[in-house]
Amino acid sequence: MSNILLLVLRRDLRVSDNPALHRLSSSSSHGFTNLLPVYPFSPNQIEVSGFIKDGTKSPYPEARSQIGNYWRCGPHRAKFLAESVWNVKETLDTLESGLVIRVGKPHEVIENLVDGLKAQNHKVGAVWMVSHEGTEEKQDEKDVAIFCKAEGVEFELLTDEKYFIDDRDISPENQKDLPDIYTTYRKSVEPLREKPRAVLPIPTKGTLPAFLENIPPQKAPFEIPDRLEELVGALVSPVRHFLPSMPAFPKGADSAHPFKGGETAAQERLVHLIQSEGMKNYKITRNGLIGTEFSTKLSAYLAQGCVTARQIHHALLEYENGTNDRFKDVDGYGEGQNDDTAAIRFELLWRDYMRLCHQKFKHRLFRLEGFKGEEGSGYKDDEKKPKWKTPVKKDAPEGQDPTPERVREIIDRFNAGTTGMGLIDASQRELLHTGYTSNRARQNVASFLAKHLDIDWRYGAEWYEMLLVDYDVSSNWANWQYVAGVGNDPRGEARIFNPIKQAFDYDKEGKYVRSWVPEVSKVERLENVFQACTLSEDDAKAAGLEGNVMITDPVKRIEFSVEGKPARPNSRAFYRRRAHRDQKPRTSSQEDGGANVDEKPKQAPAAIVSSTASSIINTGSESSEKQTGHRRGGSEGYGGRDRGRGAGVTRGFQHRSARGSARGRVMGGPGITVYTTTLTPVHGHAPQEGGTVASSHRGTNTGGRSVRGRGRGDYGSAFSPYQPPGHSHGRLSQGSRGGYGGRGRGGYGGYTPAEQGAAYVQNVVVQREQAVIPPPQTGA
């Protein structure tokens with residue numbers, strides 16, 4: 001008598017490091033004579049009408065989202081999913097097994113197979129499926145369990161082991177004890193390099209229970225294709241035209257995610273990342289916007305279970321420990337963990353944490369109010385409840401401005417990438433055409449919708465669900481809550497991204513925006529590229545943008561000064577808030593919410609940025625360069641005024657100007673006169689008497705004590721050209737990723753012992769009139 005096991009696959013589309021297959025192949029004590037791996041395309045989450053060839057109406061409603069009525073799975077992920085499913089089928093075929101592809105809800109598919117096999121005098125002894133997070137996923141598991149119980153079939157729900165740290169190795173076990181702040185959780189499980197379990201090997205040929213030949217057919221009216229191209233067509237064709245007026249694919253633009261789905265492609269990508277030194281340079285490249293080599297691009301494979309986080313970890317170990325010769329020519333081979341590989345583990349743990357939050361908060365992950373406060377209202381004090389703007393008239397707050405009709409128009413333009421905000425539009429159009437956009441862009445897009453426009457953030461989350469090739473239910477919804485201020489961000493509503501400033505920081509030449517928004521490709525000045533409505537009438541006409549809606553009717557105008565001192569009366573010269581000496585650099589955009597953010601409700605000053613200037617600041621960290629020559633006062637500050645007090649003899653004073661030139665003077669002790677230095681031209685500007693180029697160099701052994709402005713960021717040493725080499729270390733307070741002093745004014749000053757100060761002035765200041773101070777030495 002046969003004893004068949006039905007193994008239901010969902011988001012575990014791999015054969016290697018697969019606990020169920022490993023268990024079946026490594027022991028014969030399971031007692032199963034046959035194995036039928038099954039993949040059901042669930043009509044709740046993907047449109048299945050493409051599997052009907054005779055024109056019959058589908059028995060299922062269209063797979064659309066609840067808020068925006070978007071497709072649950074758009075064309076990009078549908079194609080990637082089809083490729084991933086087919087790749088598993090092909091791999092199982094090589095192991096003398098196979099894959100049964102079906103359409104229907106999991107319990108319906110199981111019921112149809114059990115009944116059909118029973119009619120052939122076969123017995124289904126058990127059904128296994130891996131547990132996944134999600135309201136619908138949990139309901140599917142419950143429905144299958146109910147059916148199995150009624151039929152006397154054993155049901156087993158397996159642990160999902162595609163994550164970095166196994167659930168069984170996490171303490172505390174009670175989900176309610178999971179910290180609501182990621183940093184607290186991270187510290188509780190460090191060191192990360194020691195946590196993941198070992199990777200399980202791929203089954204060898206002939207070790208799995210035999211595959212059945214005569215399998216009950218798919219239930220009508222659906223038909224299952226027997227070729228990959230047909231499977232892709234069945235999934236993509238119903239959802240291909242998701243936007244009424246789809247813009248043409250820009251000439252010269254390229255997808256950052258041209259990768260094929262499946263376990264085979266995932267393993268190839270993983271090896272490539274190490275061999276190409278993409279893993280070694282992760283922290284440098286992760287905030288890139290253009291090309292295939294910024295970030296790992298493993299997220300889509302992780303989401304579908306084509307690769308596991310511990311497989312990534314294991315490959316990193318082979319590189320770090322020097323145990324795999326295929327990586328021997330890679331720089332850093334055998335030298336242990338470095339900052340970049342540590343940062344990758346950090347991000348893998350973030351995915352773990354988003355899933356654990358989903359476990360803890362369950363359906364509250366999808367609530368407008370997030371998981372905060374009391375069940376139901378979400379807030380104990382209704383006055384503090386955010387008044388989200390909505391296009392639904394009956395749900396709109398009284399007196400909503402703009403009107404629901406206008407909000408609908410704004411959402412449509414937000415989705416189509418015609419808001420007039422360059423970085424936002426470029427990201428949205430890239431997403432439309434390729435199914436991918438960078439993490440940096442995603443944070444800005446989410447912040448723009450939720451914080452700048454105050455529109456119900458769930459419209460954005462559902463739009464991403466439809467279009468992202470790497471959509472993952474836990475990561476997508478938890479990250480949208482995080483940026484919207486209703487999730488587990490400790491700063492909540494205070495964190496807001498300025499998309500113009502972010503564009504200046506991460507798209508320094510405007511190449512990304514010009515590539516995906518070709519309407520502005522002929523615009524010269526970056527401030528106009530990043531916010532088209534700032535174009536003059538003549539410049540708009542010259543660029544062919546006369547009458548363009550992005551100029552005539554921008555959905556949002558953000559005041560951002562590119563030249564000159566911002567209007568900020570009665571502001572202090574610098575802040576006396578000291579930098580914390582023991583603060584560690586932040587390494588994750590999730591933990592600090594991303595670089596260069598402004599905070600609500602404070603009014604941020606406008607940044608002083610020269611759109612044509614190149615950087616003279618080099619801190620050795622990613623995204624530290626500023627396009628100004630340079631602003632030294634804050635992530636949106638303008639200058640900065642800095643004092644350093646010597647030990648009774650030398651006193652330094654420095655004022656940094658808007659274009660990076662600086663005025664300085666050093667007053668020595670008794671009998672030593674005041675002197676000045678000369679300045680070389682900066683970006684075509686004439687030198688100023690008494691100035692010097694203000695450069696900072698991370699890792700140098702000289703510097704001064706910092707005055708910290710508002711904002712948060714990394715720390716580094718700084719070289720002050722007004723102080724002799726050799727004096728004690730200081731700390732330079734950088735605003736978020738390189739903006740000095742945070743939001744406001746700040747900077748550095750130095751101090752020296754009296755003897756060194758006097759000797760330095762006597763030796764360097766040859767004349768009372770002018771002397772040249774040597775430029776600072778670069779740091780390590």
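Two rings of Phe, Tyr or Trp (for Trp, the six-membered ring) count as an aromatic pair if their centres lie within 6.5 Å. With that in hand, open up this predicted model: the structure holds 20 aromatic pairs.

**Stop one: Tyr182 and Phe346.** Select these two and look at how the rings meet. They form an edge-to-face pair, with 5.4 Å from centre to centre and 75° between the planes. Now colour helix H5 (residues 182-189) and helix H11 (residues 339-361): Tyr182 lies in H5 and Phe346 in H11, so the pair ties together parts that are 164 residues apart in sequence.

**Stop two: Phe249 and Trp516.** Here's another edge-to-face pair, at 5.4 Å centre to centre and with 65° between the planes. Phe249 is in the loop between helix H6 (228-236) and helix H7 (263-275), while Trp516 belongs to helix H18 (residues 511-516), so the pair links parts of the chain 267 residues apart. Trp516 is at 3%, so it counts as buried.

**Stop four: charges over rings.** Select Arg64 and Trp71 next. The charged end of Arg64 sits over the Trp71 ring, 3.8 Å from its centre. Then pick Trp86 and Lys89: Lys89 lies over the face of Trp86, 5.1 Å from the ring centre.

Technical notes: Residues are numbered from 1 along each chain as its sequence is written. This is a predicted model: local features need pLDDT of at least 70, side-chain atom pairs count only at pLDDT 80 or more; totals for chains, interfaces and linings use all residues. Side-chain values use heavy atoms; hydrogens and water are left out. Rings of Phe, Tyr and Trp (its six-membered ring) pair if their centres lie within 6.5 Å; planes under 30 degrees apart count as stacked, over 60 as edge-to-face and the rest as tilted. Helices (H or I, at least four residues) and strands (E, at least two) are DSSP runs, numbered from the N terminus. Buried means under 20% relative accessible area, exposed over 50%, partly exposed in between (1.4 Å probe, protein chains only). A charge sits over a ring if NZ of Lys or CZ of Arg is within 6 Å of the ring centre and within 35 degrees of the ring normal.
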